[in-house]
Amino acid sequence: MTSLRVTIRDVAARAGVSKGAVSLAFNHKPGLSEATRDRIFRAARDLGWAPDPTARTLAGSRVDVVGLAVCRPARLLGLEPFYMEFVSGVESVLTEHSCSLLLRLVRTVEEEAGLLESWWRARRIGGAILVDFRADDPRVEPVERLRIPAVAVGHPSLTGSLTSVWTDDASAVGEAVRYLAALGHRRIARVGGAAALGHTAIRTAAFDEAARALGLAGARQVATDFSGDAGARATRALLTAPPGDRPTAVVYDNDIMAVAGLAVAAEMGLRVPADVSLLAWDDSQLCRLTRPTLSAMSHDVHGFGAEVARTLFAVIAGEGGVSHPVPTPVLVPRGSTAPPR
């Protein structure tokens, strides 16, 4: 059976429901459980069926809901200032358009790809924001195929033909390494994020390149999951190395891990910055509340989220949303960095 001959009756039979239930699901009407709704969407996807696309135009160009799925544990997402600031920036623009954000946490990007397709086929969203890109990311193909209006938060090398907005992570990492080297540090470590993430890979390559260019034979990197616990473990492993191998400066891929690293240094009786310098990515309130205050790579995360949302509305309106970077994070020296002793 080809997708051209599939009807709503076929979808109903496949899902074991009535035609009316299929209609309710695809018109986002109440009266169905989430399990039944998901079963209907899965049946439609398996059969290659979708409602008449002209129905999408009935509401004109108005967009009521924008979708955002995040592949992070709920506990970690709630603690990470970056995403709270980012979502706040997105919401500031959605409010101007009387639009809501549909936020869902997923376990895998494959699950997110299916979710985006279900949302779009069910007309639950008018556009989507995609974050945390991987190499060969499985979300790109369905978004391109279904022509879902979307903005990818990631470097264009990771996002296919999707309109993208990104930070220049490579330049920022290079600046951080050069700054610490200029202070006299030769053994610099980086506590990075999840290795599978595209921006982590970009930062890893940039760190290696900067270390080679500066002749920093003692530079090393450790991958984590961005959590405070993982940051603490990585810091403890680095700082328990023999004195000749122990880093005198550590760069962290987010503020949570940097704060955890500061606590580990204190636990081990090491003074910051006299014994070890620490530098965080993302200049949140956390960096300014510690003692000593944390040096950081600072950028306007709220503004970043707002720019992503503005670009999405340009894509939805067909105004040619253009891929572009936002300003590169700027190094803000504070009390946690100093020349090595």
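The answer below turns to helix H6 and then to Glu117 within it.

A: In this predicted model, helix H6 covers residues 109–121. H6 has 13 residues, and the distance from its first C-alpha to its last is 18 Å, close to the 18 Å expected at 1.5 Å a residue. Of those 13 residues, 10 are buried, so H6 is largely enclosed by the rest of the structure. The buried residues of H6 are Val109, Glu112, Ala113, Leu115, Leu116, Glu117, Ser118, Trp119, Trp120 and Arg121. They pack against helices H2 (19–26), H3 (34–47) and H7 (140–146), and also against strands S1 (65–70), S2 (100–105) and S3 (127–130). Just after H6, Arg123 adopts a positive phi of about 60°.

Glu117 counts as buried because its relative accessibility is 7%, which falls under the 20% cut-off. Apart from neighbours within four places in sequence, Glu117 is in contact with Arg45, Pro142, Arg145 and Leu146. Helix H3 (34–47) and helix H7 (140–146), whose ranges include these positions, are among the elements against which the buried residues of H6 pack.

Cys71 counts as buried because its relative accessibility is 16%, and Cys99 counts as buried because its value is 6%. The count of disulfides in the model is 0.

Key. Residues numbered from 1 in each chain as written. Predicted model: local features only at pLDDT ≥ 70, side-chain atom pairs only at ≥ 80, totals over all residues. Heavy atoms only, no water. Helix = DSSP H or I, 4+ residues; strand = E, 2+ residues; numbered from the N terminus. Buried < 20%, exposed > 50% of the residue type's maximum accessible area, 1.4 Å probe, protein only. Contact = heavy atoms within 4.5 Å. Disulfide = S-S within 2.5 Å. Expected span 1.5 Å × (residues − 1).
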